[in-house]
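Q: Could you walk me through this model, starting with how one of its helices is packed and then moving on to rings, strands and cores?

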Amino acid sequence: MKINNIDNGKVFDFGKTSAEYAKYRDIYPEKLYEKLYKLGVGRKNTSWLDIGTGTGVLPFNLCNYGASITGVDISESQIEVAKTLTIEKGVNNVSFLVSPAETTLFEDNSFECITAAQCFWYFDRDKIIDEIKRLIKPGGVFVKIYMSYTLDDEIAKKSHELVKKLNKNWTPGASGAKDMYNHPFKNGKLDIFECKIPFTRESWHGRMSACRGTMASMDERTLGKWDKKHKELLSDYPDNFEIKHKVYIASYKF
């Protein structure tokens, strides 16, 4: 994927991160899921579409409430991992399809709920707005979510700086955070909170490796350098620590 206003137009592919994303990016706090459920996400007897679903992190964490859930993503690799996890987890109310979010084949008014986590700014804005309007049922809700570490923590800051040093085109955080203030529909409500998320040295390394600035866009040689240098950086810290994150939830009732 190439988007001119993200990473100075450098190509990135989250499909390269699929296995690591499934293992290390399932880190949303329980507070987020509680807030989403209150907004109507995942409720029993509803149909929910998760666009840009990746490896299905959001659906898998809210599937136990009984909604009928569909996740779509343009990456075949991400969807293959999501389908494998469906079998491994024994989940029978979640299905995944390879599809651009902007041009799905679902019928009009198919879903009470549509979500987009960590991805809305990657879509063709005009097309995705029209598609959400077409797919959402009257009285339904659209929710977009973004979460990022803050640079208040020393470990996060040093990791962030190392990625930037090795990938100078990387424009971390700015696009996602800015998008949360850019409302695609009227009467939007924005909820923001901070939390601390626990990591080990391994899981933090995995989380930082499975991001746009590293595994999704670095060449093999640079990625190898990142892997070595970041592990060396983390060796100076305890094996268990917490990283502060900021969570944004923008919701829109139809």
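Q: Is α8 enclosed or open, and how many of its residues are buried?
A: In this predicted model, 7 of the 9 residues of α8 are buried, so α8 is largely enclosed by the rest of the structure. Buried means under 20% relative accessible area, exposed means over 50%, and partly exposed is in between, with a 1.4 Å probe and protein chains only. Helices (H or I, at least four residues) and strands (E, at least two) are DSSP runs numbered from the N terminus.

Q: Which residues of α8 are the buried ones?
A: They are Ser203, Trp204, His205, Gly206, Arg207, Met208 and Ser209. Trp204 has a relative accessible area of 0%.

Q: And what covers the buried residues of α8?
A: The cover includes α1 (18-24), β5, α6 (154-166), β6 (189-200), α9 (220-234) and β7 (240-253), where contact means heavy atoms within 4.5 Å.

Q: Before we go on, what are the ground rules for numbering and confidence?
A: Residues are numbered from 1 along each chain as its sequence is written, and because this is a predicted model, local features need pLDDT of at least 70 and side-chain atom pairs count only at pLDDT 80 or more, whereas totals for chains, interfaces and linings use all residues. Side-chain values use heavy atoms, with hydrogens and water left out.

Q: Okay, rings now: how many aromatic pairs are there?
A: A search of the whole structure finds 20 aromatic pairs. Rings of Phe, Tyr and Trp (its six-membered ring) pair if their centres lie within 6.5 Å, and planes under 30 degrees apart count as stacked, over 60 as edge-to-face and the rest as tilted.

Q: What is the geometry of Trp121 and Tyr146?
A: Their ring centres are 5.3 Å apart and their planes are at 85 degrees, so the pair is edge-to-face. Trp121 lies in the loop between β4 (111-117) and α5 (125-135), while Tyr146 is in strand β5 (residues 136-149), so the pair ties together parts that are 25 residues apart in sequence. Both Trp121 and Tyr146 are buried.

Q: What about Tyr149 and Trp204?
A: Tyr149 and Trp204 also form an edge-to-face pair, at 5.7 Å centre to centre and with 75 degrees between the planes. This pair links distant parts of the chain, since Tyr149 is in strand β5 and Trp204 in helix α8 (residues 201-209), 55 residues apart. Tyr149 is buried, with a relative accessible area of 10%.

Q: Which residues do ring pairs link into a cluster?
A: The cluster holds Phe12, Phe14, Tyr21, Trp121, Tyr122, Tyr146, Tyr181 and Tyr248. Arg212 lies over the face of Phe12, at 5.9 Å from the ring centre, the criterion being that NZ of Lys or CZ of Arg is within 6 Å of the ring centre and within 35 degrees of the ring normal.

Q: Switching to strands, how do β2 and β3 run?
A: Strand β2 (residues 68-73) and strand β3 (residues 94-98) run parallel and are joined by 5 bridges, where pairing requires that DSSP finds at least two bridges between the strands. The bridge partner of Asp73 in β3 is Val98. The chain crosses from β2 through helix α4 (residues 76-89) to β3, and this β-α-β crossover is right-handed, meaning that, with the strands pointing away from the viewer, the path from the first strand over the helix to the second runs clockwise.

Q: Next, the cores: how many residues has the largest nonpolar one?
A: The largest nonpolar core has 49 residues, and those with the most contacts inside it are Tyr28, Leu32, Leu36, Leu58, Trp204 and Ile243. Such a core is a set of buried Ala, Val, Leu, Ile, Met, Phe, Trp, Tyr and Cys residues joined through side-chain atoms within 4.5 Å. Its largest share, 5 residues, comes from β5. A second, separate core of 29 residues includes Tyr146, Met180, Phe185 and Ala216.

Q: What does Ile243 touch?
A: Not counting residues up to four places away in sequence, Ile243 touches Tyr149, Asp153, Ile155, Ala156, Cys195, Lys196, Ile197, Phe199 and Trp204.

Q: Last topic, backbone: what is phi of Asn109?
A: Phi of Asn109 is near 55 degrees, a positive value in a residue other than glycine. Asn109 is found in the loop between β3 and β4 and, at 39% relative accessibility, counts as partly exposed.
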